[in-house]
Amino acid sequence: MTAAATRHSWWRRGALTLGIGSVASLAWAAATLYANTDGSRIDKPLWDVLAWSVSRSSDAGLPRSGPLPVVREAQGVAAAQPGELSATWLGHASVLLRLDEVTLLTDPQFSPRASPVSWAGPERFTPLPYAPQALPHIDIVLLSHNHYDHLDVPSLRQLMAQPGGAPLFVVPQGVQSLLKDEGIGPVQVLGWWQHAELAGVEVTGVPAHHWSARGMFDRHTTHWGGWVLRKGGRSAYYVGDTGYSADFRAIGERFPGLELALIPVGAYEPREFMKDQHVNPTEAVQIHRDVGARHSLGIHWGTFPLADESPEQTQEDVAQALAAQQLPAEALRLIAHGATWRIDPVAR
Ligand SMILES: [Zn+2]
């Protein structure tokens with residue numbers, strides 16, 4: 001984070017607390033604003049958001065399914081073994097990754113709602129497959145950005161209290177301020193294309209095409225992105241939250257032979273409204289190809305009602321997108337909440 005952003009962050013917090021919007025706006029204007037690799041910043045005018053909410057509440061096409069099937073298996077809460085690469089889907093963008101004896105967790109979201117308040121906002125319709133206390137010891141938590149469905153403070157607090165000590169929280173630039181304010185740490189900040197060896201894992205921050213905000217006056221003041229992970233000859237890539245962009249080819253060139261990519265496939269309708277920030281299944285399959293992943297797991301669907309498509313539509317759209325590219329089902333798989341996908345190493 002730059003000195004300018006640090007200097008003004010107390011202004012933003014203070015102004016929000018007091019409700020002095022104009023002061024907050026001034027501080028926002030003075031803060032460092034992050035952008036996508038193509039220089040763009042996604043700005044949805046408030047009017048568009050309101051118009052979509054009104055159309056949603058009157059629209060008969062809203063997702064109305066009940067909970068999706070949940071599996072609970074001993075494997076789902078098992079600790080990482082030497083040489084292992086496996087992914088357990090905990091719902092939405094939360095994936096328990098086992099990478100050669102290290103256990104990582106992407107964007108933990110254990111709460112009943114993905115929202116700043118406990119009484120309103122998108123409500124979980126598929127239950128959490130495992131109680132957070134049942135999970136194995138988490139070594140590293142990877143956060144992609146500060147939206148409420150990805151950065152949930154109560155979930156991070158639960159992880160802070162895990163037996164054996166807090167995990168290391170790895171975050172994009174600027175996100176450390178929020179964690180510090182909430183007393184959550186230790187924190188490692190990594191910018192795009194920066195890497196560090198953490199718990200023996202080579203962790204690299206990579207770009208995604210998205211945006212950030214938690215309040216009315218902090219848009220773009222923290223960064224967003226994905227994470228590439230390599231250890232012991234095994235590798236995985238968490239895409240984060242993203243629209244489609246040229247970033248994925250660059251990531252594929254930089255990291256040849258990625259074994260498993262975790263790619264979002266949900267929250268993509270209505271297309272005009274969502275396409276800048278969320279890929280649809282066709283674009284998710286394109287990302288799978290661009291990064292050259294051996295396998296991909298579809299995430300960010302079937303858990304919270306964030307958009308206008310139903311989980312059944314997501315399943316159909318993924319199947320169609322794979323068929324259109326003549327790819328097998330295991331190229332980009334959807335698995336049940338709680339299920340584990342173990343990736344065997346390529347025979348040499
Ligand atoms: Zn987001």
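User: In the hairpin of β9 and β10, which residue takes a positive phi?

Analyst: This is a predicted model, so read the angle as a computed one. The hairpin leaves 2 residues between its strands, and β9 and β10 run antiparallel, joined by 5 bridges. The positive phi, near 55°, belongs to Gly232.

User: Is β9 buried or exposed, and how many of its residues count?

Analyst: Take the two faces in turn. Gly226, Val228 and Arg230 are buried on one side, and Trp227, Leu229 and Lys231 are buried on the other. For the strand, residues 226–231, the buried count is 6 of 6.

User: Which strands stand at the edges of the open sheet?

Analyst: The order in this sheet of 7 strands is β7-β8-β9-β10-β11-β12-β13, with mixed pairing. An edge strand here has a single partner, so one side of it is left without a neighbour in the sheet. That picks out β7 and β13.

User: Is the crossing of α8 and α9 left-handed or right-handed?

Analyst: The two helices pack at about 45° with axes 8 Å apart, which makes α8 oblique to α9. Pro281, Thr282 and Val285 of α8 meet α9 residues including Val318 and Leu322. The contact divides into 5 nonpolar, 2 polar and 1 charged residues. As for the hand, the crossing is right-handed.

Definitions and conventions. Residues numbered from 1 in each chain as written. Predicted model: local features only at pLDDT ≥ 70, side-chain atom pairs only at ≥ 80, totals over all residues. Pairing = 2+ DSSP bridges. Helix = DSSP H or I, 4+ residues; strand = E, 2+ residues; numbered from the N terminus. Axes fitted to C-alpha atoms, helices over the stretch in contact; angles between N-to-C directions. Parallel < 35°, antiparallel > 145°, perpendicular 65-115°, else oblique. Left-handed = near helix turned anticlockwise from the far one by under 90°. Contact = placed C-beta atoms within 7 Å. Nonpolar A, V, L, I, M, F, W, Y, C, P; charged D, E, K, R; others polar. Buried ≥ 20, exposed ≤ 12 C-beta atoms within 10 Å, placed from the backbone.
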